[in-house]
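Have the structure open beside you and take the points in turn.

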Amino acid sequence: MRVLLIGANGYIGRFVADRLLADPAVQLTALGRGDDADVRFDLATGSPGALTRFLDAVHPGVVVNCAGTTRGGARELTRHNTVAVATVCEALRRSGCGARLVQVGCSAEYGPSQPGSSTAEDAVPRPGGPYGVSKLAATELVLGSGLDAVVLRVFSPAGPGTPAGSPLGRLAEAMRRAMQSGDGELRLGGLGAQRDFIDVRDVARAVHAASLSAAQGVINIGSGRAVRLRDAAATLARVAGYGGALHELDGPPGALRPTIGHPRAESVGHRVDALGHHRADALGHHRPDALGGRGERSDAEHAAPAPHPYPDGCGSWQQADVRTARDRLGWRPRIALEESLADIWMEAACRI
């Protein structure tokens with residue numbers, strides 16, 4: 001099987017590349033903006049015609065798109081998350097390769113959900129910020145393209161490679177600084193949010209499974225369990241061997257601001273899929289928006305809670321309904337959050 005992977009150097013894309021390369025039946029070609037890509041091409045500025053000519057030459061059976069950005073203003077998000085996907089869809093429509101498209105989406109597309117609920121794929125998307133809007137627009141382009149396509153909506157990715165600016169990355173960095181300086185107290189804000197963390201290696205397994213399947217439409221990829229950031233912090237402390245006290249500061253729940261025992265500590269800048277993903281984004285990426293169940297939900301239910309206090313626009317709670325992934329992909333998460341956090345800590349501890 002010849003696979004064209006777009007975005008192989010990204011947080012999720014690197015693990016997808018590793019997973020596909022481990023399959024002896026896969027012949028992988030990486031397309032991207034970096035010098036280490038097999039083929040250099042910028043989806044945000046390149047023409048569909050140029051990409052079509054490449055597709056006709058390589059003739060992949062599957063195209064996997066892990067490319068995109070979680071940072072920047074509305075214009076940049078639109079270019080890299082929406083226009084880029086429009087280019088891929090149009091090129092595939094023009095090409096004679098007939099390739100299947102696997103698009104990596106994000107739970108931020110769903111927006112706020114009711115605490116205690118599990119978000120199924122039939123939930124009405126109401127993204128609470130420009131990132132979620134740009135990713136939802138990409139999903140709609142894929143679903144309306146007429147292609148053989150599937151969109152994997154990843155909740156909060158975690159594990160090795162987690163960006164230092166993500167919520168879990170910032171927790172690890174704050175703890176590293178506290179241990180390095182001998183602080184017996186770690187003060188953190190915004191630990192009340194609950195997100196569905198999924199290990200990035202499990203996400204890569206899901207992409208591989210989707211590449212081999214005939215499933216179409218939207219499929220949630222998450223653990224199916226919401227975890228409070230406060231509990232993740234406690235687990236991380238145990239994994240790291242940090243014996244100091246963890247104090248939660250009052251303040252906006254969306255801002256995870258570490259104050260490592262004293263005011264000289266700096267907060268680490270925000271980066272991923274806000275409290276979540278895909279990433280890559282990642283409060284632990286990816287299925288951060290706990291949406292409702294499989295049935296229709298009323299407007300009142302969809303309206304709460306208000307999204308604005310949370311950078312990812314997903315409110316205080318996110319939990320995925322992952323039955324579709326089980327039934328249509330034969331996929332289940334395998335890696336526990338504690339193992340993901342241990343890998344995050346290992347990388348943070350080695351940082352100078």
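1. Thr162, Gly169, Ala172, Ile344, Glu347, Ala348 and Arg351 line the largest cavity. A cavity here is a set of points on a 1 Å grid over the protein atoms alone where a 1.4 Å probe fits but cannot get out, and lining residues have an atom within 4 Å of a point.

2. A word on what you are looking at. This is a predicted model, in which local features need pLDDT of at least 70 and side-chain atom pairs count only at pLDDT 80 or more, while totals for chains, interfaces and linings use all residues. Residues are numbered from 1 along each chain as its sequence is written, and side-chain values use heavy atoms, with hydrogens and water left out.

3. Back to the largest cavity: it holds about 40 Å³ of space, where a volume is the space filled by probe spheres set on the grid points, joined across faces, edges and corners. Helix H5 (167–181) and helix H10 (337–349) each supply at least two residues of its lining, and H10 gives the largest share, with three residues. Helices (H or I, at least four residues) and strands (E, at least two) are DSSP runs, numbered from the N terminus. By class, the lining has three nonpolar, two polar and two charged residues. In this scheme Ala, Val, Leu, Ile, Met, Phe, Trp, Tyr, Cys and Pro are nonpolar, Asp, Glu, Lys and Arg are charged, and the others, Gly among them, are polar.

4. Next, the sheet. Seven strands form an open sheet in the order E3-E2-E1-E4-E5-E6-E10, with parallel pairing. Strand E3 (39–40) and strand E10 (217–221) are at the edges, each with a single partner strand, so one side of each has no neighbour in the sheet. Two strands pair if DSSP finds at least two bridges between them.

5. E1 runs parallel to strand E2 (residues 27–32), joined by five bridges, and Leu5 has Ala30 in E2 as its bridge partner. With strand E4 (residues 62–65), E1 pairs in the parallel sense over four bridges; there Leu4 stands opposite Val63.

6. Four of the five residues of E10 are buried.

7. Two single residues deserve a glance. Ser134, in helix H4 (residues 130–143), is buried, with a relative accessible area of 3%. A polar atom of the Ser134 side chain lies 2.7 Å from the backbone oxygen of Tyr131. His59, in the loop between helix H2 (48–58) and E4, is partly exposed at 44% relative accessible area. Phi of His59 is near 55°, a positive value in a residue other than glycine.

Definitions and conventions:
On a 1 Å grid over the protein atoms alone, a cavity is a set of points where a 1.4 Å probe fits but cannot get out, and a pocket is an open set with protein on both sides within 12 Å along at least five of seven lines; lining residues have an atom within 4 Å of a point. Buried means under 20% relative accessible area, exposed over 50%, partly exposed in between (1.4 Å probe, protein chains only). A polar contact is a pair of N or O atoms within 3.5 Å; within protein, one must be able to donate a hydrogen and the other to accept it, and residues adjacent in sequence count only if both atoms are side-chain atoms.
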